[in-house]
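The stops below are given in the order in which to select them.

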Amino acid sequence: ANVGVGVSSKNIFNKKIQLKSQLEKIIKQNLSLSYRFKDAKQIGKYEAWGIPVGLKKKKISGDRYVLVGDAAYLVDPFTGEGVGNALRSGRIAATHIITCFKSQLFDEKFNKHFDDLLYTKMGKELKISRTLLNLSKHARFLNYTVGKVNKNENFKNFLTNAFFHVETKNNIRKPSFFYNTFIR
């Protein structure tokens, strides 16, 4: 297994976090995780790198180019998952590039249509993930949610599905979701 920890670069810098020691501490001292690693053997060295998450809408095209996947900052900000968004953006780019060749237009102005189309198709999902990321920064909310997950099998299934299915994640935008999940 590849084991890691995700922390914003801003927090790493501001709080002077040492990722290697934090990961080791979590693996050794966290009661809900340490037992999983009791017989584990590290086979590789520690490595770290930044992941280009979709926190802000970016310019992802220009004169004779379009960006997809990590290059377009399309990693899901909440889950850290990037392969699905890379594939989706690649399909959108392929369709756009075919249009470029048909019209013989490859300039920045024409490629702006790619940005618009991609954010129309993927922007809401990235926005939901940004919202979930921001909500998860509040310990009381996170603890309450984890408690709900432990007590409610339907909510647990919903959250699991939300990680993998765009349609499920979109339910978070409905007020009825919050009522049914947290109040009822």
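This is a predicted model: local features need pLDDT of at least 70, side-chain atom pairs count only at pLDDT 80 or more; totals for chains, interfaces and linings use all residues.

The expected span of a helix is 1.5 Å times one less than its number of residues.

Select residues 139-151, helix α6. This helix has 13 residues, and from its first C-alpha to its last it reaches 18 Å, close to the 18 Å expected at 1.5 Å a residue.

Within α6, colour T145, K148 and V149, the buried residues of the helix. They lie on the same side of α6, because the arc they cover around the axis is only 100°. Now turn to the face directed away from that buried side: the exposed residues R140, N143, N150 and K151 are there.

Next, select D76, in the loop between β2 (65-66) and α4 (83-103). Is D76 buried or exposed? Its relative accessible area is 3%, and the cut-off for buried is under 20%, so D76 is buried. Display its side chain: a polar atom there lies 2.9 Å from the backbone nitrogen of T79.

Then show the contacts of D76. Leaving out residues up to four places away in sequence, D76 touches V53, E81, N85, E125, L126, S129 and K169.

From that list, move to E125, which sits in helix α5 (residues 108-136). E125 is also one of the buried residues, with a relative accessibility of 11%. Which side chain does the side chain of E125 join in a polar contact of 2.6 Å? Select R88: the contact is between the side chains of E125 and R88.

Definitions and conventions:
Residues are numbered from 1 along each chain as its sequence is written. Side-chain values use heavy atoms; hydrogens and water are left out. Helices (H or I, at least four residues) and strands (E, at least two) are DSSP runs, numbered from the N terminus. Buried means under 20% relative accessible area, exposed over 50%, partly exposed in between (1.4 Å probe, protein chains only). A polar contact is a pair of N or O atoms within 3.5 Å; within protein, one must be able to donate a hydrogen and the other to accept it, and residues adjacent in sequence count only if both atoms are side-chain atoms. Contact means heavy atoms within 4.5 Å. The arc is that of the directions from the helix axis to the C-beta atoms.
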